Amino acid sequence: MSTVFNFTFVPWFRSVAPYIHKFRNQTFVVGVPGEAIAAGKLPNLVQDLALIQSMGVRVVLVHGFRPQVNEQLRAKGHEARYHRGIRITDSVALDSAQEAAGQLRYEIEAAFSMGLPNTPMAGATVRVISGNFITARPVGIVDGIDFQHSGLVRKVDAVGIVRALDMGALVLLSPFGFSPTGEAFNLSMEEVATSVAVALQADKLIFVTEIPGIRVRPFDPPGDDNPIDTELPLADAERILAEGPQPAQPTDPGFYLQYCVRACKGGVERSHIIPFAVDGSLLLEVYVHDGIGTMVVDEKLESLREANADDVGGILQLIEPFEKDGTLVKRSRTEIERDIANYTIIEHDGVIFGCAALYPYPEARTGEMASLTVSPQAQGQGDGEKLLKRIEQRARLMGLESIFVLTTRTMHWFLKRGFQPVPPDWLPEARKRKYNWDRRSQVLVKRLG
Ligand SMILES: CC(C)(COP(=O)(O)OP(=O)(O)OC[C@H]1O[C@@H](n2cnc3c(N)ncnc32)[C@H](O)[C@@H]1OP(=O)(O)O)[C@@H](O)C(=O)NCCC(=O)NCCS
(Lines give C-alpha, C1' and ligand atoms only; values in the text may rest on other atoms or scores of the structure.)
Protein backbone atom coordinates (compact mmCIF):
# COMPACT_ATOMS: atom_id res chain seq x y z
CA MET A 1 0.00 0.00 0.00
CA SER A 2 1.39 3.42 -0.87
CA THR A 3 2.18 5.64 2.12
CA VAL A 4 0.36 8.52 0.41
CA PHE A 5 -2.83 6.51 0.80
CA ASN A 6 -2.54 6.61 4.60
CA PHE A 7 -2.22 10.37 4.54
CA THR A 8 -5.30 10.82 2.40
CA PHE A 9 -7.53 8.02 3.68
CA VAL A 10 -7.11 8.51 7.43
CA PRO A 11 -7.80 12.27 7.56
CA TRP A 12 -10.64 11.81 5.09
CA PHE A 13 -12.24 9.07 7.17
CA ARG A 14 -11.81 11.07 10.37
CA SER A 15 -13.40 14.12 8.72
CA VAL A 16 -16.56 12.07 8.30
CA ALA A 17 -16.62 11.02 11.97
CA PRO A 18 -18.58 14.04 13.29
CA TYR A 19 -21.39 13.28 10.84
CA ILE A 20 -21.44 9.60 11.71
CA HIS A 21 -21.80 10.47 15.39
CA LYS A 22 -24.38 13.14 14.70
CA PHE A 23 -26.67 11.08 12.49
CA ARG A 24 -26.69 7.92 14.59
CA ASN A 25 -30.31 7.19 15.61
CA GLN A 26 -31.66 9.92 13.38
CA THR A 27 -34.48 9.15 10.95
CA PHE A 28 -34.10 9.81 7.23
CA VAL A 29 -36.96 9.41 4.77
CA VAL A 30 -35.52 8.87 1.30
CA GLY A 31 -37.71 9.27 -1.79
CA VAL A 32 -36.44 7.64 -4.96
CA PRO A 33 -38.42 8.21 -8.16
CA GLY A 34 -39.04 5.36 -10.59
CA GLU A 35 -36.84 7.26 -13.06
CA ALA A 36 -33.75 6.52 -10.91
CA ILE A 37 -34.53 2.81 -10.98
CA ALA A 38 -35.24 2.91 -14.73
CA ALA A 39 -31.83 4.59 -15.17
CA GLY A 40 -30.14 1.60 -13.50
CA LYS A 41 -29.20 3.43 -10.30
CA LEU A 42 -30.80 0.95 -7.90
CA PRO A 43 -27.75 -1.22 -7.02
CA ASN A 44 -25.55 1.73 -6.01
CA LEU A 45 -28.37 3.52 -4.20
CA VAL A 46 -29.08 0.37 -2.22
CA GLN A 47 -25.40 0.01 -1.32
CA ASP A 48 -25.29 3.60 -0.06
CA LEU A 49 -28.51 3.20 1.91
CA ALA A 50 -27.21 -0.01 3.48
CA LEU A 51 -24.03 1.82 4.47
CA ILE A 52 -25.95 4.76 5.95
CA GLN A 53 -28.16 2.34 7.85
CA SER A 54 -25.17 0.42 9.18
CA MET A 55 -23.94 3.71 10.66
CA GLY A 56 -27.06 3.85 12.81
CA VAL A 57 -29.42 5.93 10.67
CA ARG A 58 -33.05 4.81 10.69
CA VAL A 59 -34.10 4.68 7.04
CA VAL A 60 -37.54 4.79 5.44
CA LEU A 61 -37.31 4.31 1.68
CA VAL A 62 -40.21 5.35 -0.54
CA HIS A 63 -39.96 4.36 -4.18
CA GLY A 64 -41.82 5.88 -7.10
CA PHE A 65 -42.89 4.12 -10.26
CA ARG A 66 -43.97 6.70 -12.84
CA PRO A 67 -42.05 5.30 -15.87
CA GLN A 68 -42.71 1.69 -14.86
CA VAL A 69 -46.48 2.29 -14.69
CA ASN A 70 -46.37 4.09 -18.03
CA GLU A 71 -44.53 1.14 -19.53
CA GLN A 72 -47.20 -1.26 -18.27
CA LEU A 73 -49.89 1.03 -19.65
CA ARG A 74 -48.20 1.15 -23.04
CA ALA A 75 -47.96 -2.65 -23.07
CA LYS A 76 -51.73 -2.70 -22.56
CA GLY A 77 -52.21 -0.18 -25.36
CA HIS A 78 -53.11 2.71 -23.05
CA GLU A 79 -51.83 6.25 -22.70
CA ALA A 80 -50.78 7.76 -19.37
CA ARG A 81 -53.00 10.69 -18.41
CA TYR A 82 -52.07 13.49 -16.00
CA HIS A 83 -53.65 16.65 -14.73
CA ARG A 84 -51.65 19.20 -12.70
CA GLY A 85 -48.82 16.67 -12.60
CA ILE A 86 -51.01 14.04 -10.89
CA ARG A 87 -51.84 10.79 -12.63
CA ILE A 88 -55.47 10.09 -13.46
CA THR A 89 -55.75 6.48 -12.34
CA ASP A 90 -58.49 4.56 -14.14
CA SER A 91 -58.88 0.83 -13.52
CA VAL A 92 -56.26 -0.08 -16.17
CA ALA A 93 -53.80 2.38 -14.65
CA LEU A 94 -54.51 0.96 -11.18
CA ASP A 95 -53.75 -2.58 -12.42
CA SER A 96 -50.58 -1.29 -14.06
CA ALA A 97 -49.56 0.48 -10.85
CA GLN A 98 -50.08 -2.65 -8.79
CA GLU A 99 -48.02 -4.72 -11.21
CA ALA A 100 -45.25 -2.12 -11.34
CA ALA A 101 -45.16 -1.76 -7.54
CA GLY A 102 -44.99 -5.53 -7.07
CA GLN A 103 -42.15 -5.84 -9.53
CA LEU A 104 -40.19 -2.93 -8.07
CA ARG A 105 -40.62 -4.15 -4.52
CA TYR A 106 -39.11 -7.50 -5.49
CA GLU A 107 -36.21 -5.78 -7.21
CA ILE A 108 -35.51 -3.53 -4.24
CA GLU A 109 -35.77 -6.35 -1.70
CA ALA A 110 -33.48 -8.48 -3.86
CA ALA A 111 -30.93 -5.66 -4.08
CA PHE A 112 -30.92 -5.28 -0.28
CA SER A 113 -30.42 -9.02 0.12
CA MET A 114 -27.19 -9.13 -1.85
CA GLY A 115 -24.03 -9.83 0.05
CA LEU A 116 -21.40 -11.15 -2.29
CA PRO A 117 -17.85 -11.08 -0.95
CA ASN A 118 -15.71 -8.14 -2.09
CA THR A 119 -18.72 -5.94 -2.82
CA PRO A 120 -19.92 -3.04 -0.66
CA MET A 121 -22.87 -5.25 0.35
CA ALA A 122 -20.66 -8.00 1.82
CA GLY A 123 -21.68 -8.48 5.44
CA ALA A 124 -24.63 -6.10 5.15
CA THR A 125 -27.70 -7.58 6.72
CA VAL A 126 -30.55 -5.26 5.91
CA ARG A 127 -33.97 -6.46 6.93
CA VAL A 128 -36.62 -4.81 4.77
CA ILE A 129 -40.15 -4.39 6.11
CA SER A 130 -43.07 -3.16 4.02
CA GLY A 131 -46.71 -2.96 5.00
CA ASN A 132 -50.05 -1.20 4.99
CA PHE A 133 -48.74 1.85 6.82
CA ILE A 134 -50.60 4.40 4.70
CA THR A 135 -54.32 5.14 4.77
CA ALA A 136 -55.50 6.97 1.65
CA ARG A 137 -58.43 9.00 0.47
CA PRO A 138 -59.44 9.77 -3.11
CA VAL A 139 -58.21 12.94 -4.82
CA GLY A 140 -61.79 13.17 -6.11
CA ILE A 141 -62.92 15.55 -8.85
CA VAL A 142 -60.70 18.57 -9.48
CA ASP A 143 -61.28 21.13 -12.29
CA GLY A 144 -64.11 18.86 -13.43
CA ILE A 145 -61.73 15.92 -13.85
CA ASP A 146 -62.34 12.70 -11.93
CA PHE A 147 -59.01 11.33 -10.68
CA GLN A 148 -60.68 7.96 -9.94
CA HIS A 149 -58.18 5.73 -8.11
CA SER A 150 -55.60 8.45 -7.53
CA GLY A 151 -55.36 9.21 -3.87
CA LEU A 152 -53.84 11.41 -1.22
CA VAL A 153 -52.43 10.37 2.12
CA ARG A 154 -55.03 10.50 4.85
CA LYS A 155 -53.09 8.98 7.73
CA VAL A 156 -49.66 7.48 8.36
CA ASP A 157 -49.27 4.64 10.85
CA ALA A 158 -46.27 6.32 12.45
CA VAL A 159 -46.35 3.97 15.46
CA GLY A 160 -46.15 0.94 13.18
CA ILE A 161 -43.25 2.40 11.17
CA VAL A 162 -41.36 3.39 14.33
CA ARG A 163 -41.80 -0.13 15.71
CA ALA A 164 -40.29 -1.59 12.52
CA LEU A 165 -37.40 0.91 12.69
CA ASP A 166 -36.87 0.05 16.36
CA MET A 167 -36.37 -3.56 15.27
CA GLY A 168 -33.48 -2.36 13.14
CA ALA A 169 -35.36 -2.82 9.87
CA LEU A 170 -35.36 -0.56 6.84
CA VAL A 171 -38.95 0.37 6.02
CA LEU A 172 -39.84 0.22 2.33
CA LEU A 173 -43.00 1.96 1.12
CA SER A 174 -44.65 1.88 -2.28
CA PRO A 175 -46.84 4.79 -3.31
CA PHE A 176 -50.02 2.98 -2.40
CA GLY A 177 -52.57 3.49 0.28
CA PHE A 178 -55.75 1.79 1.30
CA SER A 179 -59.04 3.26 2.37
CA PRO A 180 -60.99 1.89 5.33
CA THR A 181 -63.23 0.16 2.77
CA GLY A 182 -60.21 -1.78 1.51
CA GLU A 183 -59.97 0.12 -1.75
CA ALA A 184 -56.45 0.71 -3.11
CA PHE A 185 -55.32 4.19 -4.15
CA ASN A 186 -52.41 5.16 -6.31
CA LEU A 187 -50.41 7.85 -4.55
CA SER A 188 -47.33 9.77 -5.57
CA MET A 189 -43.93 8.94 -4.13
CA GLU A 190 -43.39 12.61 -3.21
CA GLU A 191 -46.69 12.80 -1.31
CA VAL A 192 -46.00 9.58 0.61
CA ALA A 193 -42.40 10.50 1.46
CA THR A 194 -43.41 13.98 2.65
CA SER A 195 -46.35 12.74 4.74
CA VAL A 196 -44.24 10.02 6.32
CA ALA A 197 -41.39 12.44 7.07
CA VAL A 198 -43.83 14.82 8.78
CA ALA A 199 -45.65 12.04 10.66
CA LEU A 200 -42.34 10.64 11.96
CA GLN A 201 -40.90 14.14 12.50
CA ALA A 202 -37.92 12.78 10.59
CA ASP A 203 -34.56 14.51 10.79
CA LYS A 204 -34.20 14.56 7.02
CA LEU A 205 -36.32 14.11 3.93
CA ILE A 206 -34.13 13.39 0.90
CA PHE A 207 -35.33 13.23 -2.69
CA VAL A 208 -32.87 11.54 -5.04
CA THR A 209 -34.03 13.13 -8.26
CA GLU A 210 -33.53 13.73 -11.95
CA ILE A 211 -32.45 17.33 -11.21
CA PRO A 212 -29.12 18.34 -9.60
CA GLY A 213 -30.81 20.63 -7.06
CA ILE A 214 -32.14 24.19 -7.16
CA ARG A 215 -29.99 26.81 -8.82
CA VAL A 216 -29.24 30.23 -7.39
CA ARG A 217 -31.46 31.65 -10.16
CA PRO A 218 -33.82 28.68 -10.40
CA PHE A 219 -35.48 29.55 -13.70
CA ASP A 220 -32.32 30.56 -15.61
CA PRO A 221 -30.14 28.14 -17.58
CA PRO A 222 -27.40 26.30 -15.66
CA GLY A 223 -23.87 27.67 -15.80
CA ASP A 224 -20.82 28.56 -13.74
CA ASP A 225 -22.51 31.83 -12.82
CA ASN A 226 -25.70 29.99 -11.84
CA PRO A 227 -24.59 27.15 -9.58
CA ILE A 228 -26.64 24.92 -7.29
CA ASP A 229 -27.76 26.69 -4.12
CA THR A 230 -26.56 24.27 -1.46
CA GLU A 231 -28.52 25.82 1.37
CA LEU A 232 -31.91 27.37 0.74
CA PRO A 233 -33.69 29.06 3.64
CA LEU A 234 -37.37 28.14 3.85
CA ALA A 235 -38.48 31.72 3.14
CA ASP A 236 -36.46 31.79 -0.12
CA ALA A 237 -37.87 28.41 -1.16
CA GLU A 238 -41.39 29.72 -0.61
CA ARG A 239 -40.60 32.82 -2.66
CA ILE A 240 -39.34 30.65 -5.56
CA LEU A 241 -42.57 28.66 -5.49
CA ALA A 242 -44.69 31.80 -5.38
CA GLU A 243 -42.82 33.51 -8.24
CA GLY A 244 -42.38 30.50 -10.52
CA PRO A 245 -44.92 28.76 -12.74
CA GLN A 246 -47.01 25.91 -11.29
CA PRO A 247 -44.70 22.86 -11.51
CA ALA A 248 -46.03 20.00 -13.59
CA GLN A 249 -42.98 17.88 -14.47
CA PRO A 250 -40.49 16.39 -11.99
CA THR A 251 -37.79 18.37 -13.83
CA ASP A 252 -39.47 21.71 -13.03
CA PRO A 253 -37.56 23.56 -10.28
CA GLY A 254 -40.65 23.83 -8.09
CA PHE A 255 -41.70 20.18 -8.34
CA TYR A 256 -39.71 18.59 -5.50
CA LEU A 257 -39.26 21.95 -3.83
CA GLN A 258 -42.99 22.20 -3.02
CA TYR A 259 -42.72 18.97 -1.03
CA CYS A 260 -39.53 20.13 0.71
CA VAL A 261 -41.34 23.29 1.78
CA ARG A 262 -44.31 21.27 3.02
CA ALA A 263 -42.03 18.99 5.01
CA CYS A 264 -40.08 21.91 6.44
CA LYS A 265 -43.28 23.65 7.53
CA GLY A 266 -44.46 20.35 9.00
CA GLY A 267 -41.46 20.22 11.32
CA VAL A 268 -38.86 18.33 9.25
CA GLU A 269 -35.82 20.51 9.77
CA ARG A 270 -33.95 19.63 6.61
CA SER A 271 -35.17 18.52 3.19
CA HIS A 272 -32.80 17.74 0.35
CA ILE A 273 -32.98 17.54 -3.42
CA ILE A 274 -30.02 15.64 -4.84
CA PRO A 275 -29.25 14.12 -8.25
CA PHE A 276 -29.32 10.39 -8.91
CA ALA A 277 -27.09 11.00 -11.94
CA VAL A 278 -24.12 11.50 -9.61
CA ASP A 279 -22.94 8.20 -8.18
CA GLY A 280 -22.82 8.36 -4.36
CA SER A 281 -24.84 11.60 -4.21
CA LEU A 282 -26.53 10.42 -0.98
CA LEU A 283 -23.18 9.97 0.74
CA LEU A 284 -21.89 13.27 -0.61
CA GLU A 285 -24.95 15.14 0.60
CA VAL A 286 -25.05 13.59 4.06
CA TYR A 287 -21.38 13.23 4.99
CA VAL A 288 -19.69 16.21 3.29
CA HIS A 289 -19.79 19.78 4.60
CA ASP A 290 -21.37 21.57 1.63
CA GLY A 291 -23.17 18.59 0.17
CA ILE A 292 -23.96 18.23 -3.49
CA GLY A 293 -27.59 19.21 -3.97
CA THR A 294 -29.92 21.69 -2.32
CA MET A 295 -30.92 21.56 1.33
CA VAL A 296 -34.03 23.46 2.37
CA VAL A 297 -33.71 24.61 5.97
CA ASP A 298 -35.70 26.65 8.39
CA GLU A 299 -32.82 29.06 8.96
CA LYS A 300 -29.16 29.53 8.08
CA LEU A 301 -27.37 26.74 9.83
CA GLU A 302 -23.96 28.25 10.28
CA SER A 303 -23.54 30.16 13.49
CA LEU A 304 -20.75 31.90 15.28
CA ARG A 305 -21.20 31.79 19.04
CA GLU A 306 -19.47 31.53 22.39
CA ALA A 307 -18.81 27.93 23.43
CA ASN A 308 -20.43 26.02 26.29
CA ALA A 309 -19.64 22.78 28.14
CA ASP A 310 -21.35 20.67 25.44
CA ASP A 311 -18.82 21.87 22.86
CA VAL A 312 -15.70 20.49 24.58
CA GLY A 313 -15.76 17.19 22.64
CA GLY A 314 -16.20 18.96 19.30
CA ILE A 315 -13.38 21.40 20.02
CA LEU A 316 -11.03 18.58 21.01
CA GLN A 317 -11.84 16.71 17.82
CA LEU A 318 -11.19 19.81 15.74
CA ILE A 319 -7.84 20.81 17.23
CA GLU A 320 -6.38 17.35 17.81
CA PRO A 321 -4.89 16.86 14.30
CA PHE A 322 -3.18 20.28 14.56
CA GLU A 323 -1.79 19.41 18.00
CA LYS A 324 -0.45 16.15 16.63
CA ASP A 325 1.39 17.82 13.74
CA GLY A 326 2.77 20.50 16.05
CA THR A 327 0.86 23.47 14.62
CA LEU A 328 -0.90 24.00 17.94
CA VAL A 329 0.33 23.47 21.50
CA LYS A 330 -1.38 20.53 23.20
CA ARG A 331 -4.22 21.36 25.58
CA SER A 332 -5.84 18.74 27.77
CA ARG A 333 -9.56 18.12 28.01
CA THR A 334 -9.52 19.38 31.61
CA GLU A 335 -7.86 22.58 30.51
CA ILE A 336 -10.43 23.16 27.76
CA GLU A 337 -13.28 22.30 30.12
CA ARG A 338 -11.96 24.79 32.64
CA ASP A 339 -11.51 27.53 30.03
CA ILE A 340 -14.55 26.79 27.88
CA ALA A 341 -15.99 30.28 28.43
CA ASN A 342 -12.92 31.71 26.66
CA TYR A 343 -13.77 29.88 23.41
CA THR A 344 -15.74 31.09 20.41
CA ILE A 345 -16.87 28.52 17.86
CA ILE A 346 -18.34 28.27 14.38
CA GLU A 347 -20.94 25.59 14.14
CA HIS A 348 -22.59 24.27 11.01
CA ASP A 349 -25.48 21.88 11.17
CA GLY A 350 -24.51 20.85 14.71
CA VAL A 351 -20.86 20.19 13.85
CA ILE A 352 -18.06 22.49 15.06
CA PHE A 353 -15.93 23.76 12.16
CA GLY A 354 -13.86 26.43 13.78
CA CYS A 355 -12.75 27.70 17.16
CA ALA A 356 -10.55 30.28 18.84
CA ALA A 357 -9.96 31.19 22.48
CA LEU A 358 -9.16 34.47 24.20
CA TYR A 359 -6.98 34.41 27.34
CA PRO A 360 -6.99 37.90 28.82
CA TYR A 361 -4.07 39.47 30.72
CA PRO A 362 -5.96 42.50 32.06
CA GLU A 363 -2.95 43.78 34.03
CA ALA A 364 -1.13 44.26 30.70
CA ARG A 365 -4.30 45.33 28.83
CA THR A 366 -3.79 42.57 26.31
CA GLY A 367 -5.07 39.08 25.62
CA GLU A 368 -3.81 35.97 23.85
CA MET A 369 -5.78 34.50 20.99
CA ALA A 370 -5.09 30.76 21.15
CA SER A 371 -6.16 27.61 19.33
CA LEU A 372 -7.42 29.47 16.26
CA THR A 373 -8.44 26.56 14.06
CA VAL A 374 -10.70 26.00 11.08
CA SER A 375 -11.39 22.45 9.97
CA PRO A 376 -9.40 21.60 6.80
CA GLN A 377 -12.57 20.99 4.78
CA ALA A 378 -13.93 24.46 5.62
CA GLN A 379 -10.72 26.49 5.27
CA GLY A 380 -10.44 29.36 2.83
CA GLN A 381 -14.04 30.52 3.20
CA GLY A 382 -13.43 33.34 5.63
CA ASP A 383 -14.23 31.46 8.84
CA GLY A 384 -10.75 32.15 10.24
CA GLU A 385 -11.33 35.84 9.63
CA LYS A 386 -14.77 35.71 11.30
CA LEU A 387 -13.30 34.08 14.41
CA LEU A 388 -10.53 36.67 14.57
CA LYS A 389 -13.09 39.51 14.33
CA ARG A 390 -15.16 38.01 17.13
CA ILE A 391 -12.11 37.57 19.37
CA GLU A 392 -11.14 41.19 18.70
CA GLN A 393 -14.67 42.24 19.63
CA ARG A 394 -14.57 40.21 22.85
CA ALA A 395 -11.18 41.74 23.70
CA ARG A 396 -12.49 45.27 23.14
CA LEU A 397 -15.47 44.58 25.39
CA MET A 398 -13.01 43.56 28.12
CA GLY A 399 -11.21 46.87 27.68
CA LEU A 400 -8.07 45.29 26.19
CA GLU A 401 -5.91 47.38 23.89
CA SER A 402 -4.32 44.58 21.90
CA ILE A 403 -4.38 40.87 21.23
CA PHE A 404 -1.39 38.69 20.57
CA VAL A 405 -0.72 35.22 19.14
CA LEU A 406 2.17 32.79 19.33
CA THR A 407 2.70 30.96 16.08
CA THR A 408 5.31 28.82 14.42
CA ARG A 409 3.66 28.27 11.03
CA THR A 410 0.87 30.71 10.42
CA MET A 411 2.75 33.97 10.68
CA HIS A 412 1.73 35.27 7.26
CA TRP A 413 -1.94 34.77 7.88
CA PHE A 414 -1.69 37.08 10.90
CA LEU A 415 0.63 39.60 9.23
CA LYS A 416 -1.92 40.01 6.46
CA ARG A 417 -4.51 40.81 9.11
CA GLY A 418 -2.69 43.62 10.86
CA PHE A 419 -0.48 41.76 13.36
CA GLN A 420 3.13 42.92 13.93
CA PRO A 421 6.06 40.80 15.11
CA VAL A 422 7.48 41.63 18.56
CA PRO A 423 10.21 39.92 20.63
CA PRO A 424 9.07 37.41 23.27
CA ASP A 425 10.17 39.90 25.91
CA TRP A 426 7.11 41.96 24.99
CA LEU A 427 4.80 39.32 26.54
CA PRO A 428 3.03 40.04 29.82
CA GLU A 429 5.04 38.70 32.78
CA ALA A 430 2.62 35.86 33.53
CA ARG A 431 2.74 34.68 29.92
CA LYS A 432 6.49 35.10 29.59
CA ARG A 433 7.04 32.59 32.37
CA LYS A 434 5.18 29.97 30.31
CA TYR A 435 6.89 30.82 27.02
CA ASN A 436 8.51 27.73 25.56
CA TRP A 437 11.93 28.85 24.30
CA ASP A 438 12.48 25.53 22.52
CA ARG A 439 9.41 26.00 20.36
CA ARG A 440 10.68 29.45 19.36
CA SER A 441 7.20 30.67 18.48
CA GLN A 442 6.92 34.06 16.86
CA VAL A 443 4.95 36.56 18.93
CA LEU A 444 2.63 38.78 16.91
CA VAL A 445 0.56 41.64 18.25
CA LYS A 446 -2.42 43.49 16.88
CA ARG A 447 -3.45 46.83 18.35
CA LEU A 448 -7.20 47.21 18.62
CA GLY A 449 -8.30 50.56 17.25
C1 LIG B 1 -5.10 29.73 9.88
C2 LIG B 1 -6.53 29.25 9.73
C3 LIG B 1 -7.26 29.38 11.03
C4 LIG B 1 -7.21 30.14 8.66
O5 LIG B 1 -8.56 29.75 8.56
P6 LIG B 1 -9.41 29.99 7.20
O7 LIG B 1 -10.86 29.85 7.53
O8 LIG B 1 -8.87 29.16 6.12
O9 LIG B 1 -9.08 31.51 6.95
P10 LIG B 1 -9.73 32.51 5.96
O11 LIG B 1 -10.69 31.83 5.04
O12 LIG B 1 -10.25 33.66 6.75
O13 LIG B 1 -8.44 32.97 5.16
C14 LIG B 1 -7.92 32.16 4.13
C15 LIG B 1 -6.62 32.75 3.61
O16 LIG B 1 -5.57 32.44 4.54
C17 LIG B 1 -4.51 31.77 3.86
N18 LIG B 1 -3.86 30.84 4.78
C19 LIG B 1 -4.35 29.70 5.31
N20 LIG B 1 -3.43 29.13 6.11
C21 LIG B 1 -2.34 29.92 6.08
C22 LIG B 1 -1.04 29.86 6.67
N23 LIG B 1 -0.68 28.86 7.44
N24 LIG B 1 -0.18 30.86 6.41
C25 LIG B 1 -0.53 31.89 5.61
N26 LIG B 1 -1.72 31.99 5.03
C27 LIG B 1 -2.63 31.02 5.24
C28 LIG B 1 -5.21 31.09 2.71
O29 LIG B 1 -4.32 30.82 1.68
C30 LIG B 1 -6.23 32.15 2.30
O31 LIG B 1 -5.59 33.16 1.56
P32 LIG B 1 -6.37 34.09 0.52
O33 LIG B 1 -7.42 34.81 1.31
O34 LIG B 1 -5.32 35.00 0.01
O35 LIG B 1 -6.92 33.14 -0.48
C36 LIG B 1 -6.60 27.81 9.20
O37 LIG B 1 -5.80 27.69 8.08
C38 LIG B 1 -6.13 26.78 10.23
O39 LIG B 1 -6.93 26.28 11.00
N40 LIG B 1 -4.85 26.40 10.21
C41 LIG B 1 -4.32 25.39 11.08
C42 LIG B 1 -4.23 25.85 12.51
C43 LIG B 1 -3.39 27.10 12.66
O44 LIG B 1 -2.36 27.28 12.03
N45 LIG B 1 -3.81 27.98 13.57
C46 LIG B 1 -3.10 29.15 13.94
C47 LIG B 1 -2.31 28.79 15.13
S48 LIG B 1 -1.45 30.12 15.79
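## Terms and model

A polar contact is a pair of N or O atoms within 3.5 Å; within protein, one must be able to donate a hydrogen and the other to accept it, and residues adjacent in sequence count only if both atoms are side-chain atoms. The model is predicted: local features need pLDDT of at least 70 and side-chain atom pairs count only at pLDDT 80 or more, while totals for chains, interfaces and linings use all residues. Residues are numbered from 1 along each chain as its sequence is written, and side-chain values use heavy atoms, with hydrogens and water left out.

## Overall description

The protein has 15 helices and 23 strands; these are DSSP runs numbered from the N terminus, helices being H or I of at least four residues and strands E of at least two. Its C-alpha trace spans about 90 × 50 × 40 Å along the principal axes. Of the 449 residues, 49% count as buried, where buried means under 20% relative accessible area, exposed over 50%, and partly exposed in between (1.4 Å probe, protein chains only).

An open sheet of eight strands has the order 5-10-2-1-13-15-16-14, and its pairing is mixed. The edge strands are strand 5 (128-129) and strand 14 (231-233), each of which pairs on one side only. Two strands count as paired if DSSP finds at least two bridges between them. Strands of a sheet pair through backbone hydrogen bonds, either parallel or antiparallel.

Strand 5 pairs with strand 10 (residues 170-173) in the parallel sense over two bridges, with V128 opposite L170 of strand 10. Strand 10 also contains L173, which is buried at a relative accessible area of 1%. The C-alpha atoms of L173 and G31 are separated by 9.5 Å, although the two residues are 142 apart along the chain.

## Strand 15 and its neighbours

Strand 15 (residues 270-275) is largely enclosed by the rest of the structure, because six of its six residues are buried. Both of its faces are covered: R270, H272 and I274 are buried on one side, and S271, I273 and P275 on the other. Strand 13 (residues 204-209) runs parallel to strand 15 and is joined to it by six bridges; V208 stands opposite I274 of strand 15. Strand 16 (residues 294-297) pairs with strand 15 in the antiparallel sense over four bridges, and T294 of strand 16 stands opposite I273.

H272 belongs to strand 15 and counts as buried at 1% relative accessibility. The side chain of H272 makes a polar contact of 2.7 Å with the side chain of E285 and another of 3.1 Å with that of K204.

## Ligand site

The ligand sits in the largest pocket. On a 1 Å grid over the protein atoms alone, a pocket is an open set of points with protein on both sides within 12 Å along at least five of seven lines; a molecule sits in it if more than half of its atoms lie within 2 Å of its grid points. There are 22 residues around the ligand, and L372, V374, G380, G382 and T410 come nearest; a residue is near a molecule if one of its heavy atoms lies within 4 Å of it. Strand 20 (366-374), helix 13 (383-397), strand 21 (402-407) and helix 14 (411-415) each supply at least two residues of the shell around the ligand.

A polar backbone atom of V374 is 2.8 Å from an oxygen atom of the ligand. For a backbone N or O atom of Q381 the distance to a ligand oxygen atom is 3.2 Å, and for one of G384 it is 2.8 Å. Taken alone the ligand exposes 900 Å², and the protein buries 70% of that; accessible areas come from the Shrake-Rupley method with a 1.4 Å probe.

## Residues with positive phi

Most residues other than glycine have a negative phi. D143 has a positive phi, near 50 degrees. D143 is placed in the loop between strand 7 (141-142) and strand 8 (145-146), and counts as partly exposed at 47% relative accessibility.

Phi of R440 is also positive, near 50 degrees. R440 lies in the loop between helix 15 (429-432) and strand 23 (442-447), where it counts as exposed at 70% relative accessibility.

Technical notes:
1 Å grid on protein atoms, 1.4 Å probe; cavity = no way out; pocket = protein on both sides within 12 Å on 5 of 7 lines; lining within 4 Å.
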